[in-house]
Amino acid sequence: MKKFLLLAFLISLQSFAQQNKFSGTWGNKKCKDCKKEYIFTITIAQSNYKIFGTAEVTSDHKELNSGVLEVTGHVYPHGDKAQIKLKDQNGNTSSAVLFVEDSVIQFTKNGGSDIVPKEMILNKLYE
C-alpha cells in the first residue's frame with residue numbers, strides 16, 4: 001500500500017510539472033500605439049518536453065513575408081525556457097530561444113537565416 005501511495009504521489013508531481021506553458025497561438029498583434037512593419041504569429045503545441053507548430057511573418061512589404069514556417073523544438077526541464085528551430089519551404093532555417101513568464105513569451109533569435117525578426121515580445125492570442 002505504501003508503494004502505491006508513493007507511486008500516486010510521484011505521478012501527481014509529474015502531471016503538475018508538465019503544464020505545457022508554450023501551447024497556444026502567440027503574436028505581436030496586440031501592440032497599441034506602435035508602428036510595426038510586420039506581424040509575427042506562432043502557433044505551437046507542447047507535449048511533455050517537445051514543441052511542434054507553425055509560424056508566419058506577414059507584412060505589407062513583400063520582402064518581409066516569410067510564408068508558413070515549420071516549428072520544432074524542446075522545452076528545458078524547468079519548463080520556462082525552450083529552444084526552437086524554424087524552417088521555411090526553401091529549407092532555410094533559423095533557431096530561437098523562448099522564455100515564458102506571466103502569459104508573455106520573449107522571443108530571441110539565435111542564428112540562421114533572416115526569416116524571422118531578432119527579438120520581440122509575444123502575447124497569447126488564443127489557447
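Modeller: A residue is called buried under 20% relative accessible area, exposed over 50% and partly exposed in between, with a 1.4 Å probe and protein chains only. This is a predicted model in which local features need pLDDT of at least 70 and side-chain atom pairs count only at pLDDT 80 or more, while totals for chains, interfaces and linings use all residues. Residues are numbered from 1 along each chain as its sequence is written, and side-chain values use heavy atoms, with hydrogens and water left out.

Colleague: Why is K109 called buried?

Modeller: K109 has a relative accessible area of 14%, and because the limit for buried is under 20%, K109 is buried.

Colleague: What makes the meeting of D114 and K109 a salt bridge?

Modeller: A salt bridge requires a side-chain nitrogen of Lys or Arg within 4 Å of a carboxyl oxygen of Asp or Glu; the side chains of D114 and K109 meet at 2.8 Å, N to O, so the pair qualifies. The structure holds one salt bridge.

Colleague: Why does D114 count as exposed?

Modeller: D114 stands at 68% relative accessibility, and exposed means over 50%, so D114 is exposed.

Colleague: What makes the approach of the Q46 side chain to the backbone nitrogen of K21 a polar contact?

Modeller: A polar contact is a pair of N or O atoms within 3.5 Å, where within protein one must be able to donate a hydrogen and the other to accept it, and residues adjacent in sequence count only if both atoms are side-chain atoms. The Q46 side chain reaches the backbone nitrogen of K21 at 3.2 Å, and that of F22 at 3.2 Å.
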